[in-house]
Amino acid sequence: MKELLPVGSIVKLTGATKKAAIMGYFQKISSDGSRDVYDYMAVPYPEGFLGKGSVFLFNEEDIGEVCFRGYESNESRGYSELIGMIFEEARKGTAGRTGL
């Protein structure tokens, strides 16, 4: 995995018409008995959170363009490194991941 984008980053996903604002990392969902782990959690940009159903999950490989990189600090870079290590460990033990 490359370096994680900071919270607040704006991206355009491959094949998408709308942009997305990253609001979190490392989301797990259960579907059909399997555990899927996604790199990012986001909301539509510029609308933001519009209630249930407006949050979506995607992986690094789904990003087609980074439109804006969010605020970074020493604190956020340290957190990003830690989460990156956790991602790698989780991926080693996770089979059957799916994209969007």
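Student: Is Phe49 buried or exposed, and what is its relative accessible area?

Tutor: Please keep in mind that this is a predicted model. A residue counts as exposed when its relative accessible area is over 50%. Phe49 has a relative accessible area of 55%, and it is therefore exposed.

Student: Where in the chain is Phe49 found?

Tutor: Phe49 belongs to the loop that joins strand E3, residues 34-45, to strand E4, residues 56-58.

Student: Which residues make a nonpolar surface patch, and what is its area?

Tutor: Met23, Phe49 and Val55 make such a patch, with an area of about 270 Å².

Student: What peptide bond is cis?

Tutor: The bond from Tyr45 to Pro46 is cis, and its omega is near 15°. Pro46 is found in the loop between E3 and E4, and Phe49 is in the loop between these strands as well.

Student: Let us turn to the other case. Is Leu4 buried or exposed?

Tutor: The cut-off for a buried residue is a relative accessible area under 20%. Leu4 is at 3%, so it counts as buried.

Student: Which residues is Leu4 in contact with, leaving aside its neighbours within four places in sequence?

Tutor: A contact requires heavy atoms within 4.5 Å. With those neighbours set aside, Leu4 is in contact with Tyr25, Tyr40, Arg69, Ser80, Ile83, Gly84 and Phe87.

Student: How many residues apart in sequence are Leu4 and Tyr40, and what is their C-alpha to C-alpha distance?

Tutor: Leu4 and Tyr40 are 36 residues apart in sequence, while their C-alpha atoms are 8.9 Å apart in space. Across the chain, among contacts with a separation of 6 or more, 55% are between residues 24 or more positions apart.

Student: What pattern does the chain follow, and how many helices and strands does it have?

Tutor: The chain has 1 helix and 5 strands. Read along the sequence, their pattern is β-β-β-β-β-α. Of the 100 residues in the chain, 38% are buried.

Student: Which residue other than glycine has a positive phi, and where does it lie?

Tutor: Phe26 has a phi near 50°, which is a positive value in a residue other than glycine. Phe26 lies in strand E2, residues 19-31.

Terms used. Residues are numbered from 1 along each chain as its sequence is written. This is a predicted model: local features need pLDDT of at least 70, side-chain atom pairs count only at pLDDT 80 or more; totals for chains, interfaces and linings use all residues. Side-chain values use heavy atoms; hydrogens and water are left out. Patches are made of residues with over 30% relative accessible area and no salt bridge: like charges are joined within 9 Å, nonpolar side chains (Val, Leu, Ile, Met, Phe, Trp, Tyr) within 5 Å. Accessible areas come from the Shrake-Rupley method with a 1.4 Å probe; for residues, only the protein chains shown count as cover. A salt bridge is a side-chain nitrogen of Lys or Arg within 4 Å of a carboxyl oxygen of Asp or Glu. Helices (H or I, at least four residues) and strands (E, at least two) are DSSP runs, numbered from the N terminus. Buried means under 20% relative accessible area, exposed over 50%, partly exposed in between (1.4 Å probe, protein chains only).
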